[in-house]
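Dear colleague,

My notes on it follow directly after.

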Amino acid sequence: REWRKLTRGIEQRVRALNAFLQDLYHRQEIVRSGRLPVSALRDNDAFLSQMVGFTPPGGVYTHIVGIDLVRTGPDEFMVLEDNARTPSGVSYMLENRETMMSMFPELFTQIPVRPVSDYPRRLARSLRACAPPAYQGGSKRPVVAVLTPGIYNSAYFEHAFLADQMGAELVEGSDLRVVDGRVAMRTTCGYKAIDVIYRRVDDNYLDPLSFHKDSVLGIAGIMDVYRSGGITIANAPGTGIADDKAIYSYMPEIVEFYTGEKPILSNVPTWRCSEPDALAYVLDNLADLVVKEVHGSGGYGMLIGPTSSKKELAAFEAKLRAKPDNYIAQPTLSLSTVPIFTNAGLAPRHVDLRPFVLVSPDGIDITPGGLTRVALKKGSLVVNSSQGGGTKDTWVLDE
């Protein structure tokens, strides 16, 4: 019952995010209507002028989305964050389930737990369905590749794992080049064209001719091939503006504007520090709030007021006054907990849940489960693995 409500809310939100991105890079009706201030785009580094006027193959911008949820009551869930750039962590979801099934096989024979192990197959199918127009009608399957920054990236295990599980190619920028208007990968038989790239490289490093000129992680000229319809990039460049934390604060209006419906899932109340009245409130109540960087991720650059010292609060106040546009603030939520083992026995720890959503012209596919992230430190609200967080298997039960 809970999962049915969540899937309706997640699907509604993901539909709105894709419609929002389509609008932002074309007519910008939401800005014209006054629902979103033009400054949200003009002053936003995640908004890419290279994407203006261009529609990705199939009209899909966010092929893989991670919606971070928290439980704040017996039957109440809120969206904490939208991950529309390159959501990570799905390999932990798969490994956790495999470990649990190995350790407790009898539980899975007695309890109707919905499977997550077919995620790589569903991901591969979804990506192939987004192949570019140049491919459509071809007799062979589209060639899918996972673009990784390389072995020193913290998520390299996931890149290699997903490529292996999907039967896709794992490539680095040095393996690729533009050949005859197509992006091609080096093989023992020469260069072979690629149809779909699932990229795990940030926008700025994707194409040295269009973005960061010193990048060695991307492919020179890939944006020209992309705009000419020769390749699909998942997720599309420029989707980062949809998981900007200041844009997040407008999501209730965004959902209503593009779907004509009230949001099924609520946002966490959010103060935009770029607004003078909101900044004044945040400064007056800093010790009670959580403050985050607009483009922050991984739990870095944030302040949790109730657990901060006077020195930390003073230092963060100076940052806020110097660059208020860079921050948003939220109330400190009473997150739900799950038990973990400690040296002293079982103890509660705070959690959130990241379900993974696949989007293609064929529709929206939500994996029944997701990544449950656990704050392993006592009292901590920071669940990110980069900050010492852990993970747990997540069960969605069949009827």
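Tyrosine 226 has a relative accessibility of 0% and therefore counts as buried in this predicted model. Phenylalanine 54, at 9%, also falls under the 20% cut-off and so counts as buried.

A search of the whole structure for aromatic pairs returns 10 of them. One of these joins tyrosine 25 to tyrosine 61 in a stacked arrangement, with 6.3 Å from centre to centre and 15° between the planes. Tyrosine 25 lies in the loop between helix 1 (2-24) and helix 2 (29-32), and tyrosine 61 in the loop between helix 3 (39-42) and strand 1 (64-73), so that distant parts of the chain, 36 residues apart, are linked. Tyrosine 25 and tyrosine 61 are both buried.

The rings of phenylalanine 54 and tyrosine 226 also pair: because their planes stand at 70°, with the centres 4.8 Å apart, the pair is edge-to-face. Here the two partners are 172 residues apart, phenylalanine 54 in the loop between helix 3 and strand 1 and tyrosine 226 in helix 8 (residues 222-227).

As to helix packing, helix 4 (residues 90-103) packs on helix 7 (residues 156-166) at about 70°, the axes being 9 Å apart. Helix 4 is therefore roughly perpendicular to helix 7, and their crossing is left-handed. Helix 4 contributes Val90, Ser91, Leu94 and Glu95 to the contact, and helix 7 contributes Phe157, Glu158, Phe161 and Leu162. By class, this contact comprises 5 nonpolar, 1 polar and 2 charged residues.

With kind regards

How values were computed:
Residues numbered from 1 in each chain as written. Predicted model: local features only at pLDDT ≥ 70, side-chain atom pairs only at ≥ 80, totals over all residues. Heavy atoms only, no water. Axes fitted to C-alpha atoms, helices over the stretch in contact; angles between N-to-C directions. Helix = DSSP H or I, 4+ residues; strand = E, 2+ residues; numbered from the N terminus. Parallel < 35°, antiparallel > 145°, perpendicular 65-115°, else oblique. Left-handed = near helix turned anticlockwise from the far one by under 90°. Contact = heavy atoms within 4.5 Å. Nonpolar A, V, L, I, M, F, W, Y, C, P; charged D, E, K, R; others polar. Phe/Tyr/Trp six-rings, centres within 6.5 Å; stacked < 30°, edge-to-face > 60°. Buried < 20%, exposed > 50% of the residue type's maximum accessible area, 1.4 Å probe, protein only.
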